[in-house]
Amino acid sequence: MNYDVVVIGAGPAGATAAKFLSEKGVSVLLLDKSKFPRNKPCGGGLPARVIKRYKYLEENGLIDSYSFEVCMHSNSLKQEVEIQKDEPIVAMVLRDRFDEGLVHLATKNGAVFCEEKSIKNIKLTEETMHLTFSDGTEIESHYVIAADGMWSPMGKQLGIQQSNKNIGMCIVEEFQLNKIKLDQYFGEKRRIHLHLNFQEVAGYGWVFPKAERVNIGIGEFRQAIRPKKEKKNIKDIYENYLKILKETNLIPPMLQSKDPKGGVFPTSPIKLTALDRVLFCGDAAGMVNPLTGEGIYSAMVSGEIAAAVIKEALESGTKNKKILYEYQARWKHDFGDDNEWFFHWSKQWGRGKENIMRLFGENPQLVDLALKQVMTQESTKTYRWKLVRRFLSLYLKDMFGFR
């Protein structure tokens, strides 16, 4: 059977691409090696900008809960920054339900979904692409979208691989919790807790309350680890994190770790995200916010952009492969330039000082500027230097006692 587009990987990037393509009448085959629903090691927190850009997530019941409050803690636990808003700061999802819901939206519009399918071989010709499944089945397609995860098998086949230098690592676990306990510990506004540089880890710990669960994890960014610094066991740090959370009465004492999951994620993009007939999206392209580790926003946006570019290529004739190379410029303009800037600042993880937290706590305008990247679709290009100038001014005044 032939398709206009084959999308490999049915996570947020692939499913979003399949949805937008099928809505435009493009014949799409969406593949995934796993059987759905399936889970992923993930905090499941979406910045509010996701639900503002993709309103259909709320309309189709894919959001589990919302958080209107955030409390950031310094590594010594002596400094705190409280953030409260009247609108959601973060939307929470359950990855198994969320990803399955995105696939359903794609198939509802005509995409064909095949689970437990993987590609064994791919061959590019002048006119089309021949793909061979692991069971020997063969299909043809004009274009392929590779959204098959960080260690993309499609990328390996085509000689494009993710660097293992700039990656993040996490340990995460989700606990069932009744509404009474959730209200008791996190309030009706479902307060989030972030512990920056916990036990000097080059990253942060998080506590994400949801409708009937609480997600707890530790994330570390390899690009921020100093070369001669002793490597830490992130699983041990996670166990200590749970202990401290109980001692500070931030989570119920009866929560017991049973099955924490480890995961890795990219923190910088691959050099080439567009080939003659292949586009790379989401984790397969290294499109994760390198400062926070959040990747669903950029995954969905890259899928949307890939769909638009391929639709243009199909309309102009399948031989016009040059259009695909516009994809890289478009995603960079949308969020890539921001991520490049965040990558620079992500190297400061593990180098934070107590007074930085205090400065944010004492200056609501500084917090509001920082929150723009989470709560709006506005690019940091429009306000990044305003944020930097304000921070440096306050930091220097504080350093020299001009307060």
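Two strands count as paired if DSSP finds at least two bridges between them; helices (H or I, at least four residues) and strands (E, at least two) are DSSP runs, numbered from the N terminus. With that in hand, in β15 the bridge partner of Y204 is G219.

Some ground rules before the points. This is a predicted model, in which local features need pLDDT of at least 70 and side-chain atom pairs count only at pLDDT 80 or more, while totals for chains, interfaces and linings use all residues. Residues are numbered from 1 along each chain as its sequence is written, and side-chain values use heavy atoms, with hydrogens and water left out.

1. **Strand β15 and its partners.** A hairpin of three residues joins β14 to β15. Strand β12 (residues 167-176) also runs antiparallel to β15, and nine bridges join the two. In that pairing, I171 stands opposite I218 of β15.

2. **How covered is β15?** Nine of the nine residues of β15 are buried, where buried means under 20% relative accessible area, exposed over 50%, and partly exposed in between (1.4 Å probe, protein chains only). In a regular strand the side chains alternate between the two faces of the sheet. Here both faces are covered: R213, N215, G217, G219 and F221 are buried on one side, and V214, I216, I218 and E220 are buried on the other.

3. **Helix α6, inside and out.** Which residues of helix α6 (residues 179-186) are buried? They are L182, Y185 and F186. These residues lie on the same side of α6 because they cover an arc of only 80° around the axis, the arc being that of the directions from the helix axis to the C-beta atoms. On the other side of α6, I180 and Q184 are exposed. The cover over the buried residues includes β13 (192-196), β14 (203-209) and β15 (213-221), with contact meaning heavy atoms within 4.5 Å.

4. **The two ends of α6.** At the start of α6, a side-chain oxygen of N178 comes to within 3.2 Å of the backbone nitrogen of I180. A polar contact is a pair of N or O atoms within 3.5 Å; within protein, one must be able to donate a hydrogen and the other to accept it, and residues adjacent in sequence count only if both atoms are side-chain atoms. After α6 comes G187, with a positive phi near 70°.

5. **The α8/α9 pair.** The axes of helix α8 (residues 296-315) and helix α9 (residues 326-346) come within 10 Å and cross at roughly 145°. Axes are lines fitted to C-alpha atoms, for helices over the stretch in contact, and angles run from 0 to 180 degrees between N-to-C directions. Residues making the contact include Y297, V301 and I305 of α8 and Y327, W331 and F335 of α9.

6. **A three-stranded sheet.** An open sheet has the order β3-β7-β4, with antiparallel pairing. Its edge strands, β3 (45-47) and β4 (65-67), each pair on one side only. The twist averages 30° from one strand to the next. Three bridges join β3 to β7 (residues 90-92), and P47 stands opposite V90 in β7.

7. **One residue to look up.** D236 is found in helix α7 (residues 234-247). The C-alpha atoms of D236 and W331 are separated by 37 Å, and the two residues are 95 apart along the chain.
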